[in-house]
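Trainee: I have a new structure open and would like to talk it through. Could you take me around it?

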Amino acid sequence: MLSLIVFWVAALVAIAAAVRVITVRNPITCVLHLIVTLVALAVLFLQLSAEFIAILQIIIYAGAIMVLFLFIVMMLNLKRDEFGPNPLRGIRVFGGILGATFLAELFVLFGGVDAVVGPAPEGFGSVTAIGKALFGGYLFAFELTSILLLAAALAVMVVARPRRDGEVEG
C-alpha cells in the first residue's frame, strides 16, 4: 500500500512539474521545474528496483545537465520584456482539457495501476543491462544524441551572443 502511495505521489509530482515546464514563461523557473520532474522520475525508477538508473538520473541529468542549462539560460540574459505577449494564452484552456481527457483515456484503457506498473524485466536498471544497451544495439543512437545535444548547446550560445558594432549577421 505504501509503494502505491509513493508511486501516485511521485507520478503526480512528475506530471505537474512537467506541465509547469512547458507553461512557465521564466526560463530559470522552467529549468527548476524540470529538475523536480527528474527527481520524481528517479523515485519511480527506485520503485522499479533500478537504483543505478535513479542515481544516474539525479547525478547526471538533475545535477550536471540542468546546471549546464542554467548556465546557458543565464548567459542568454533574457529580460521579461523580451518575451512579448504570450501567444499561447488562448489555447491553454483547450490544451488542459485535451490533456485531462488523454489522461482519463489512459486510466480507462489500462484499468488502473496494476496494468500500468507490472514487474520489471530481469536485470532492469543494472549496470550490466545499461552497458549492454549503450555499447551494444543503441551505440549509434547514443552517440548521435550526444552530438546533437552538443550542437544544440553551441548553436544557442552562438545565436544568443550579443552582436558587436560593425559585425554582420549571417
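This is a predicted model: local features need pLDDT of at least 70, side-chain atom pairs count only at pLDDT 80 or more; totals for chains, interfaces and linings use all residues.

Trainee: Okay, which residues make the nonpolar surface patch?

Mentor: The patch of about 1200 Å² is made by Met1, Leu2, Leu4, Ile5, Val6, Trp8, Val9, Leu12, Val13, Val36, Phe107 and Val108.

Trainee: And which helix gives the most to that patch?

Mentor: Helix 1 gives the most, with eight residues, while helix 1 (2–23) and helix 4 (92–110) are the helices that each supply at least two residues of the patch.

Trainee: Switching topic, how much space lies in the largest pocket?

Mentor: The largest pocket holds about 620 Å³ of space, and of the 17 residues that line it, Leu56, Tyr61, Ile130, Leu134 and Phe142 are the closest to its centre.

Trainee: Which helices supply at least two residues each to that lining?

Mentor: Those are helix 3 (51–76), helix 6 (127–134) and helix 7 (139–160), and of the contributors to the lining it is helix 3 that gives the most, with six residues.

Trainee: How many of the lining residues are nonpolar, polar or charged?

Mentor: The lining of the largest pocket divides into 13 nonpolar residues and four polar ones, with no charged residues.

Conventions. Residues are numbered from 1 along each chain as its sequence is written. Side-chain values use heavy atoms; hydrogens and water are left out. Patches are made of residues with over 30% relative accessible area and no salt bridge: like charges are joined within 9 Å, nonpolar side chains (Val, Leu, Ile, Met, Phe, Trp, Tyr) within 5 Å. Accessible areas come from the Shrake-Rupley method with a 1.4 Å probe; for residues, only the protein chains shown count as cover. A salt bridge is a side-chain nitrogen of Lys or Arg within 4 Å of a carboxyl oxygen of Asp or Glu. Helices (H or I, at least four residues) and strands (E, at least two) are DSSP runs, numbered from the N terminus. On a 1 Å grid over the protein atoms alone, a cavity is a set of points where a 1.4 Å probe fits but cannot get out, and a pocket is an open set with protein on both sides within 12 Å along at least five of seven lines; lining residues have an atom within 4 Å of a point. Grid points are joined across faces, edges and corners, and a volume is the space filled by probe spheres set on the points. Ala, Val, Leu, Ile, Met, Phe, Trp, Tyr, Cys and Pro count as nonpolar, Asp, Glu, Lys and Arg as charged, and the others, Gly among them, as polar.
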